Amino acid sequence: MNEAQLVERIVSDVTKTLHIALLFVAQHPVGVESRVEHVINLLNLQQSENVLILGILGIGGIGKTTIAKAIYNEIHRRFEGHCFLPDIRESWKQSTNRVHLQEQLVSDIYKTTKIKIHNIESGKFILQNRLPGKRLLLILDDVDELDQLRALCGSREWFSPGSRIIITTRNKHLLKVIEADHMPKISEMDNDESIEHFRWHAFKEKTPEEDMLELSKKVVAYCGGLPLAHEVIGSLLLNKKKKFWESVLEKLTRIPNHEVQKKLRISFDSLSDDTEKEIFLDIAFFFIGMDRHDVINILEEYDAEMGISNLVDRNLVMVDNKNKLSMHDLLRDMGREVVREKFPKEPEERSRLWLQKEVLEVLQKHIGTKALEGLTLKLTNTICLKTEAFKEMKKLRLLQLAGVQLGGDFEYISRDLRWLYWHGFPLKYMPSNFSQTSLVSIELESSSLKLLWKEPKLLESLKILNLSHSQYLTQTPNFSYLPNLEKLLLNDCPRLTAISETIEHLKNILLINLEDCTSLSNLPRSFYKLKSLKTLIISRCSMIDKLEDDLDQMESLVTLIADKTAITQVPFSIVRSKSIGYVSLCGYEGFSRDVFPSLIWPWMSPTNNLSSQAETCTDLELVSSDVGKLRSLQMECNSDFQLAEGISRILDTLNATYYNELEATPTTSQVSNIGSSSIISFCNQFHMHGLLKSLLIEIGVKSQISNTLRERILQNLNTNEHDNDLLPGDNCPDWLTFDSDGTSIFFNVPRVNGRDLKTMTMCILYSSSADTISLKCLKNVLIINYTKSTIQVYKRDTLASLEDDEWQSIISNLEPGDRVEIIVVVYGTEFVVKKTSVYLIYGEPTNEEVKNSHVRGENNVDDMRIVEYMSHKIIYED
């Protein structure tokens, strides 16, 4: 060891001994520990084979840097080299600092200042060659451009296995580009954490004086769990009297705190696309809580789909699990302040207005200008205004009103209007001189409308029509004039008696809600021609008593909610639907896989008491021609998930069903008297030890080969070789063998040149304390084809009675290459299946060349998989 190595080792040992925290984290690190622990778990430090990249996401002021520092202090000693580069966004603004960041990276890792980098490109080359020498921890703080990542951590190949790169950023898109392994988003503080954190900054103690508790809660509510806001506003209020607190709170509702806004505005200012800024401002003023798809339609002029996605990536906008848009309250206030500060004393010159006092001033004084693009005025007490107030608002796109009546000529309303939300619309009809050609969304909830238009209007842009809770509405419009409508909301219109036959013209409709239309007695036949409709809601339409068989023509219908109607009979066509996924019907509610069986079983067998836990997937077809008796069932599923769920639920159902009186056991003579065309035979063998028994099932054509195979199986069982394969390894060339422990067996159907699959024989080896076997133990056979996503279910007596042409549906479902599982469902006391074997018997070769070939047997024991969810469902006890 040379002198330099010795010094480095001494420094490292001393640092570890003193347990020095290299970076200051926070004065009051409330909530930091749990968040740090979560991120460290994602780093998977025990795994050292790969390079892992992790991004820490969050809005400004949420605590990303604080958490990154704490992580660095916690784990940096586990690496051969480590570097924390702070505040990269600010440093990058000066070109000279960019090279300095590269130099600092090399210096921190190699503990030297001798490296001189002349430009960014040469720095990349140096890093690419120097970084792979050690297992590194690199933390890049506050990254906002892709060039920064390319200059400092170009690719995973720059790093040795086991290295960890952590990036804090507001921009998720950057992490997607570099294919980060994890992208945890830092959550806001919960209420308890927020109160504790704020109190430390506002009072320098955990518990303040009693008379300040309520005010503290109000400030914490305003801060919305943002640590930066706690620090800034808490410090502002420190040692101040109650009256000052009240004054600050009142001002914050009008003008946000400058220091907090400055931090939050960084993300907004970094948007390079002006249209994205416009989208953000529209959402901040008008669209919080609205459906994302609706907003995309309304703001289509801005290419809003991509714009909103970028805002989500930058954590400026959020989309919840119901597809609703939201944003942090302080970000909302920041957006509104961006607009206000341009004309603080001239609201009429702003692009958007929302503050009630300012909106009333503009409308009552008729001082609106062409600068106004959107305004909102929602009042609890109705006020009368003049349409002339809108005369100069030539660019008005977005208008939201509630508690407002307008008198005068509606020609004054902008022709560019795209969104009209008018709660409590006071007129019986839309004014004929109100230009609506640009409207994308008309929302007139709780209106006084009797009919939307006296004369039909062609509105090609209209995609959303919401007339919900309109107590006087009696008719729907002529839908042929609304060719691009996607959403029709007419819920709670109690006087609506009929839906226009023209509804079939809605070729793009996605959602129709008719809930609580209590005077509506039926849906027109043309309704069932809606090929694009995905969601239909007719709950509590108490006079609708029928759904037509044409329902299966609605090929896109995914959700059908028809709860508390007069419907008593459900058309069988509903089961044929290949799209329905969720249904509420006739007292049943849930995913179709849960609900449909409860509707289907009674149709097939009124005496069958199957539980509602059964699974039926999207497409169900009866194999048996006798619908009155449930003998067999075939299901086709749309996904592996449906298939797995289907198997599990069918087994649950069979278990529940067969807890009744056990069926009579056929004797051997009865079985042998079944015709030669029968596809099943039962064989009962008593092993010499009196413990092991076998059950033999044959599906397919009876032949000499199958008879020979059966004799070989019985002979093998009597030689006490049950622990080995049921047949010798050198199998007969006419059959292929597959074995597995238990009642579930997997195999791939092999390809045998020139031969077709003719018969499938199953041998079940089991143990039982009973002296003789009773065939009542065998209840059902499930044949699952994972390649084709089908399930075939057969009852024992069905297998014993199917005709020649019926067994072909079983065999024909098996083709070379298919991945198949067979489950034997058994029921009995102290009955345990030890092994299941399947023998595939092929027909005679089709030509002499194939006939002379030697087909070797396959044994897939090593490849057998027992599905976990089957393990507790196969054997049932009394």
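## Cavities

The largest cavity in this predicted model has a volume of about 80 Å³. A cavity is a set of points, on a 1 Å grid over the protein atoms alone, where a 1.4 Å probe fits but cannot get out. Volume here is the space filled by probe spheres set on the points, with grid points joined across faces, edges and corners. In the whole structure, a search finds four cavities of 30 Å³ or more.

Lining residues, those with an atom within 4 Å of a point, are Arg89, Asp142, Val143, Asp144, Arg170, Asn171, Ile266, Ser267, Ser270 and Arg314 for the largest cavity. Strand S3 and helix H13 (258-269) are the elements that give two or more residues to this lining. By class, the lining has two nonpolar, three polar and five charged residues. Ala, Val, Leu, Ile, Met, Phe, Trp, Tyr, Cys and Pro count as nonpolar, Asp, Glu, Lys and Arg as charged, and the others, Gly among them, as polar.

## The largest pocket

The largest pocket holds about 1,100 Å³ of space. A pocket is an open set with protein on both sides within 12 Å along at least five of seven lines. Its lining comprises 44 residues, and Met290, Asp291, Asp294, Lys324 and Lys487 lie nearest the centre of the pocket.

Helix H14 (residues 274-287) gives the largest share of the pocket lining, five residues. The lining residues of this pocket divide into 17 nonpolar, 13 polar and 14 charged.

## Sheet and helices

Four strands form an open sheet with parallel pairing, in the order S1-S4-S3-S2. Strand S1 (52-57) and strand S2 (81-85) are at the edges, each pairing on one side only. From one strand to the next, the twist averages 10°. Strands pair if DSSP finds at least two bridges between them; strands (E, at least two residues) and helices (H or I, at least four) are DSSP runs numbered from the N terminus.

Strand S3 (residues 136-143) runs parallel to strand S4 (residues 164-169), and five bridges join them. Leu138 stands opposite Ile165 in S4. Helix H2 (residues 32-43) lies across S1 and S4, at about 155° to S1. Helix H5 (residues 95-110) lies across S2 and S3, at about 150° to S2. Contact means heavy atoms within 4.5 Å; axes are lines fitted to C-alpha atoms, for helices over the stretch in contact, and angles run from 0 to 180 degrees between N-to-C directions.

## Basis of the values

Residues are numbered from 1 along each chain as its sequence is written, and side-chain values use heavy atoms, leaving out hydrogens and water. In this predicted model, local features need pLDDT of at least 70 and side-chain atom pairs count only at pLDDT 80 or more, while totals for chains, interfaces and linings use all residues.
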